[in-house]
Amino acid sequence: SAHSVASAIEAVTTYRPDYLFVGTCYVSASHPDKHIVEGPSLPGQVSHALSEKFTQREKPVVLAIGGINASNGHDPVFTYGADGVAVIRAIMQAADPKRLFTPFSAKSRNIVIERTYVETAVISKSRDI
C-alpha cells in the first residue's frame with residue numbers, strides 16, 4: 001500500500017506489484033484514530049504518475065482503499081482516475097454485496113467485481129487484472 005505518490009513510485013520500483021492499494025481515501029472504522037486522510041484524489045494522482053514513469057505492462061492496478069462504500073466509491077475511479085477501489089467493511093456487512101455496488105455498473109459496462117480469499121471486493125475498470 002502507499003500513502004503518497006513518492007511511496008507508490010518507490011514500492012513499484014522495488015517490488016513490482018500487480019496491485020497497489022492507495023489511501024486512506026475517507027475516514028474509516030478500520031482506522032478510527034486517523035482523522036486526517038489522504039483523500040479520494042490520491043489514487044488517481046498515483047495512477048497518473050505511475051503511467052508516466054512505467055510502461056502499461058509494468059504499471060500495477062491502482063486501487064483506492066479506506067472508508068470506501070457504495071455512496072463514495074465512484075469518486076476515486078470516475079472523478080479522479082484510480083483504476084478501481086478495494087472495499088472490505090461495506091461488503092462484509094452487506095446482505096447482498098453484489099447489489100450494493102450496482103451503481104458502478106450503471107456508470108460503466110467494464111466493471112469487474114471479484115471476491116478474494118479475505119472476502120474483500122475489488123471493484124475496478126476491466127483491464128486484464
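# Close-up views of the predicted model

**View 1. Asn 72 counts as buried, at 10% relative accessibility.** Buried means under 20% relative accessible area, exposed means over 50%, and partly exposed lies in between, calculated with a 1.4 Å probe on protein chains only. The model is predicted: local features need pLDDT of at least 70, side-chain atom pairs count only at pLDDT 80 or more, and totals for chains, interfaces and linings use all residues. Residues are numbered from 1 along each chain as its sequence is written, and side-chain values use heavy atoms, with hydrogens and water left out. Asn 72 sits in the loop that runs between strand 2 (61-64) and helix 3 (74-79). Helices (H or I, at least four residues) and strands (E, at least two) are DSSP runs, numbered from the N terminus. A polar atom of the Asn 72 side chain is 2.8 Å from the backbone nitrogen of Asn 69. When residues up to four places away in sequence are not counted, Asn 72 touches Tyr 26 and Gly 67; contact means heavy atoms within 4.5 Å.

**View 2. The largest pocket has a volume of about 350 Å³.** It is lined by 21 residues, of which Ser 28, Ser 30, Ile 65, Gly 66 and Gly 67 are the closest to its centre. On a 1 Å grid over the protein atoms alone, a pocket is an open set of points with protein on both sides within 12 Å along at least five of seven lines, whereas a cavity is a set of points where a 1.4 Å probe fits but cannot get out; lining residues have an atom within 4 Å of a point. Grid points are joined across faces, edges and corners, and the volume is the space filled by probe spheres set on the points. At least two lining residues come from each of strand 3 (84-87) and helix 4 (89-92). Sorted by class, the lining holds nine nonpolar, ten polar and two charged residues. Here Ala, Val, Leu, Ile, Met, Phe, Trp, Tyr, Cys and Pro count as nonpolar, Asp, Glu, Lys and Arg as charged, and the others, Gly among them, as polar.

**View 3. Strand 2 is joined to strand 1 (residues 19-22) by four bridges, and the two run parallel.** Two strands pair if DSSP finds at least two bridges between them. Tyr 19 has Val 61 as its bridge partner in strand 2. Strand 2 is also joined to strand 3, by two bridges, and these two run parallel. Across that pairing, Leu 63 stands opposite Gly 84. In a regular strand the side chains alternate between the two faces of the sheet. From strand 2, Val 61 and Leu 63 point one way, Val 62 and Ala 64 the other, and all are buried. Strand 3 is covered on both faces, with Gly 84 and Ala 86 buried on one side and Val 85 and Val 87 buried on the other.

**View 4. Val 37 and Pro 40 lie in the loop between strand 1 and helix 2 (42-53).** Val 37 is partly exposed because its relative accessible area is 27%. The C-alpha atom of Val 37 is 5.4 Å from that of Thr 24, although the two residues are 13 apart along the chain. Beyond its neighbours within four places in sequence, Val 37 is in contact with Thr 24, Cys 25, Tyr 26 and Val 27. Pro 40 has a relative accessible area of 19% and is therefore buried. Residues up to four places away aside, Pro 40 touches Cys 25, Tyr 26, Pro 76 and Tyr 80. Between Pro 40 and Ile 68, which are 28 residues apart in sequence, the C-alpha to C-alpha distance is 9.2 Å.

**View 5. Ser 47 is placed in helix 2.** Its relative accessibility is 6%, so Ser 47 counts as buried. Leaving aside neighbours within four places in sequence, Ser 47 is in contact with Lys 59, Val 62, Gly 81 and Asp 83. Ala 82, in the loop between helix 3 and strand 3, is buried with a relative accessible area of 0%.

**View 6. Arg 16 lies in the loop between helix 1 (5-15) and strand 1.** Most residues other than glycine have a negative phi. Arg 16 is not a glycine, yet its phi is positive, at about 50 degrees. With 42% relative accessibility, Arg 16 counts as partly exposed.

Terms used. Polar contact = N/O pair within 3.5 Å; in protein donor to acceptor, adjacent residues only side chain to side chain.
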